[in-house]
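User: I am new to this structure. Please take one part and look at it closely, along with what surrounds it.

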Amino acid sequence: MEEIQHTHLDIRGLKLHVAEIGKGPIVVVFLHGFPEIWYSWRYQMMAVANAGFRAIAFDFRGYGLSQEPPEPEKASFMDLVHDLLAILDSLAIPKAFLVGKDFGVVPAYQFALLHPERVSGVITLGLPFMLLGPDLFPRHLYPEGFYILRWKEPGRAEADFKRFDVRTVVRNVYILFSGSEIPVAGNDQEIMDLVDPSTPLPHWFTDEDLTAYATLYEKSGFRFPLQVPYRASMGAPSMTDPKVQVPALLVMGEKDYALKFLGMEDYIKSGKVKDYVPDLEIVFLPEGSHFVQEQLPDQVNQLIITFLNKHA
């Protein structure tokens with residue numbers, strides 16, 4: 001870990017934190033999810049660097065060590081796409097592989113659609129390509145206590161999280177998101193109430209890892225992370241018949257709760273997703289959770305490196 005270099009870049013008026021390792025000519029950029037951070041990619045960064053690639057992971061604006069924009073409530077997913085382009089330009093990187101996890105899948109694929117000449121390939125974990133729109137999670141088709149709907153409500157998650165210290169909030173979200181069921185609160189509950197304080201962390205997530213996450217979220221808080229991904233507009237530049245023109249890999253855990261989103265498992269396993277990503281390889285890891293890259297790093301690293309070597 002100490003070999004990973006850290007810097008801040010001036011990107012579109014904000015100082016964004018960038019972690020980097022490796023000197024290879026081929027670049028791999030990692031895009032984190034929630035409640036993650038650059039640190040989520042520690043195993044993958046080391047592995048791809050050892051395989052001869054240059055690995056870069058940055059904290060999205062408003063996350064971790066990156067600066068928060070002055071009006072977080074106005075932020076959108078397209079801000080992350082524009083930031084990614086500016087980072088590649090700032091580092092004089094003409095083309096890169098993109099690896100996205102959870103909501104990091106959205107800027108990865110949107111960037112590939114808008115700037116295909118800058119992308120060698122896309123790897124996603126935990127979510128496939130999805131058509132964006134305001135009804136991605138229609139309120140009338142999900143329970144009232146569905147965590148995404150709860151966290152969309154301004155002030156609700158803030159009040160829920162405020163009852164606990166940052167370390168406990170991150171701990172609880174990791175425990176919830178490591179499960180195979182979608183987090184849904186009862187009418188008399190908030191999302192944090194779903195975790196019994198005696199529940200242990202997943203065996204693959206150490207107290208040292210929790211401290212690393214908590215330290216970064218203590219710095220950034222949850223104001224921006226609740227905006228993006230949960231409250232931001234899911235709109236994107238209008239495209240007729242969007243098709244991702246670069247090779248892609250989707251890695252899903254069979255025990256990932258995201259497979260239980262409405263229609264998700266059928267969308268992936270029927271191959272419908274390939275209507276939008278024709279050159280897509282899909283791999284399921286039988287014991288994998290939503291955090292496959294931390295839970296099963298050796299398997300995920302091998303899949304990533306094999307894909308990189310095939311398409312480099």
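Analyst: Start with helix α3. Its buried residues pack against β3, α2, β5, β6, β7 and β8. Contact here means heavy atoms within 4.5 Å. Helices (H or I, at least four residues) and strands (E, at least two) are DSSP runs, numbered from the N terminus.

Some ground rules come next. This is a predicted model, in which local features need pLDDT of at least 70 and side-chain atom pairs count only at pLDDT 80 or more, while totals for chains, interfaces and linings use all residues. Residues are numbered from 1 along each chain as its sequence is written, and side-chain values use heavy atoms, leaving out hydrogens and water.

Back to α3. Of its 10 residues, 9 are buried, so the helix is largely enclosed by the rest of the structure. Buried means under 20% relative accessible area, exposed means over 50%, and partly exposed lies in between (1.4 Å probe, protein chains only). The buried ones are Val105, Val106, Pro107, Ala108, Tyr109, Gln110, Phe111, Ala112 and Leu113.

Now its helical neighbour. α2 covers residues 77-90 and α3 covers residues 105-114. They pack at an angle of about 65°, with axes 9 Å apart. Axes are lines fitted to C-alpha atoms, for helices over the stretch in contact, and angles run from 0 to 180 degrees between N-to-C directions. The two helices are therefore roughly perpendicular, a label for angles of 65 to 115 degrees. From α2, the contact uses Phe77, Met78, Leu80, Val81, Leu84, Leu85 and Leu88. From α3 come Val106, Pro107, Gln110, Phe111 and Leu114. By class, that contact has 11 nonpolar residues, 1 polar and no charged ones. Nonpolar covers Ala, Val, Leu, Ile, Met, Phe, Trp, Tyr, Cys and Pro; charged covers Asp, Glu, Lys and Arg; the others, Gly among them, are polar.

Then the sheet. It is open, with 8 strands in the order β1-β2-β4-β3-β5-β6-β7-β8 and mixed pairing. Two strands pair if DSSP finds at least two bridges between them. β1 (5-11) and β8 (280-285) are the edges, each with a single partner strand, so one side of each has no neighbour in the sheet. The twist averages 20° from one strand to the next.

α2 lies across β1, β2, β3 (27-31), β4 and β5 (96-101), at about 110° to β1. Helix α11 (residues 297-311) lies across β3, β5, β6 (119-125), β7 (248-253) and β8, at about 160° to β6.

Notes
Parallel < 35°, antiparallel > 145°, perpendicular 65-115°, else oblique.
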